[in-house]
Amino acid sequence: MQGSAFFGKGKTVEYISSKNIFLLLRDTLKLLDRRPMDHGSRVGYLFCKMLECKGGYEQYELADFLMLATLHDIGAYKTDKMGDRLQYEFKEPMKHSVYGFLFLKYITPLSSMARMILYHRVGVENIPKENFEYSKETEILSLAEAAEIYHNALGEGFDHEMFRRQEGTYYSTEALNLLDKAVDRFDVFKHLEDESYQNELDGILEYMIYTNEDKEKFMKTLMFCIGLRSDITLIDNVTSVCIASLLAKKLNLTPASSEKLYYATLIHDIGMLSIPTNIIEAPRKLSPTEIALMRAHVDREERILLNRMDSDIVSIATAHHERNDGSGYPRGLTSANMTREQNILQIADLVTALTCERSYRKTFTKNEVVDILKKEISDGKINQRIAECFMNSYDEIMTEVQMQTKEALNMYNSLTEKYQTVYGDFEKNRVIHE
Ligand SMILES: [Fe+2]
Ligand SMILES: [Fe+2]
Ligand SMILES: [Fe+2]
């Protein structure tokens, strides 16, 4: 898988800082629903402060743990209703634990820590003690999570000593002692209450260090986050990435331009995470209000991308619905103030919309796609040279696209299969087989 065009880009240029990777991932998931990320940030704070009391960690290690703790409930986006935390944290915690574990293991660069998520709700007695590098940290994470939930729910009535009742059965003595210390040394719950914990998180994030290879993987993670909401949008996105990359090659873009286009295409629709699925997948014409809401996905993503990433990448990504004659959105840019990379993504996105399957309409045939593109050219909406380049190599490009999307989606679909195996087995035997 690693050697293919889709997975093995081998990017080397720095377009985003490690800290901004974290912020972008967090804020992208917040578009979907902010609650698991707000909870994750607060758990991350408690967890890091408890680890600080334990001692022996470098700052960059704490930063890694903060990333993991913030994402610890990421699986719930796929497996549960966001409003029903009681269900996924207490009644049936294994669903989101298993999906989160698999997502982190196979999609993100955090695979070595992913098991912490699998065991974050099983209680100290069930956390593996052998062959598990992060056994102790998982015990601590598990208490940090519970402390955040109860502190949030009980308000004034919260007493962190309440967890002592489950000492040795659900929480480890070490973790409980560390929570005591974190309260004494850092007054952690007060910092959660007055929100000042956020400044401290900011300080930890300064130490985040990811390699360029990790960053590229995180950029792909951002795209795969789209699949947490809608499989169709993810398939569209993978298709656009393939078409844009192949067009960049055909049009002899410089390596730097191709890279920027590639990153922009990965994230160009993350704003769609803020749009309700019933609008995205509506098998009918949208009302004017719904169209306005749908269009807002570009503004929403621009808000979280700006100042966090190379500005060329942001401007390519956010111009994917613009048209050369000024009829596009959100800015109504015209060809005079658009770049070739922006024009390539517009065409890749348009072809994707025409060729990807929808439950409510058939996909367009090659002849129909070509006719539509010719009409768009004569109406002055899309770049003629790029569109002609695409039409001239239609079969070659679309065959390659099919191969590459299949590969990416196989990997993504195998997550669902693994989920069914691991969770199904747990349901039957109450044993976790990773
Ligand atoms: Fe949680
Ligand atoms: Fe959880
Ligand atoms: Fe879009």
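What follows is a short chat about this predicted model.

Me: Which domains does the assignment give for the chain?

Reply: Domain 1 covers 33-194, and domain 2 covers 212-414.

Me: How many Å separate their centres?

Reply: The centres of domain 1 and domain 2 are 37 Å apart, taken over C-alpha atoms.

Me: And how many residues are in contact between them?

Reply: Six residues of domain 1 are in contact with seven of domain 2.

Me: Which helices supply the domain 1 side of that?

Reply: Helix 4 (76-79) and helix 6 (94-107) each put in at least two residues. By class, that side of domain 1 has four nonpolar residues, one polar and one charged.

Me: OK, switching to helix packing. At what angle do helix 18 and helix 20 cross?

Reply: Roughly 45°, with the axes coming within 9 Å. Here helix 18 is residues 340-355 and helix 20 is residues 384-392. That angle makes helix 18 oblique to helix 20.

Me: Left-handed or right-handed?

Reply: The crossing of helix 18 and helix 20 is right-handed.

Me: Which residues make the contact?

Reply: From helix 18 you have Asn343, Ile344, Ile347 and Val351, and from helix 20 Ile386, Ala387 and Phe390. Sorted by class, the residues of this contact are six nonpolar, one polar and no charged.

Me: Now the backbone. Where is there a cis peptide bond?

Reply: Between tyrosine 329 and proline 330, with omega at about 5°. Proline 330 sits in the loop between helix 17 (311-317) and helix 18.

Me: What about phi of asparagine 131?

Reply: Phi there is near 50°, which is positive in a residue other than glycine. You'll find asparagine 131 in the loop between helix 7 (115-118) and helix 8 (135-154).

Me: Is asparagine 131 buried or exposed, and why?

Reply: Asparagine 131 counts as exposed because it has 7 other C-beta atoms within 10 Å, and the cut-off for exposed is 12 or fewer.

Me: And what is phi for asparagine 307?

Reply: Asparagine 307 has a positive phi as well, about 65°, although it is not a glycine. Its place is the loop between helix 16 (288-305) and helix 17.

Me: Buried or exposed, that asparagine 307?

Reply: Exposed, since asparagine 307 has 8 other C-beta atoms within 10 Å.

Note on methods. Residues numbered from 1 in each chain as written. Chains lettered and ligands numbered in written order. Predicted model: local features only at pLDDT ≥ 70, side-chain atom pairs only at ≥ 80, totals over all residues. Domains from an automatic or database assignment. Contact = placed C-beta atoms within 7 Å. Helix = DSSP H or I, 4+ residues; strand = E, 2+ residues; numbered from the N terminus. Nonpolar A, V, L, I, M, F, W, Y, C, P; charged D, E, K, R; others polar. Axes fitted to C-alpha atoms, helices over the stretch in contact; angles between N-to-C directions. Parallel < 35°, antiparallel > 145°, perpendicular 65-115°, else oblique. Left-handed = near helix turned anticlockwise from the far one by under 90°. Buried ≥ 20, exposed ≤ 12 C-beta atoms within 10 Å, placed from the backbone.
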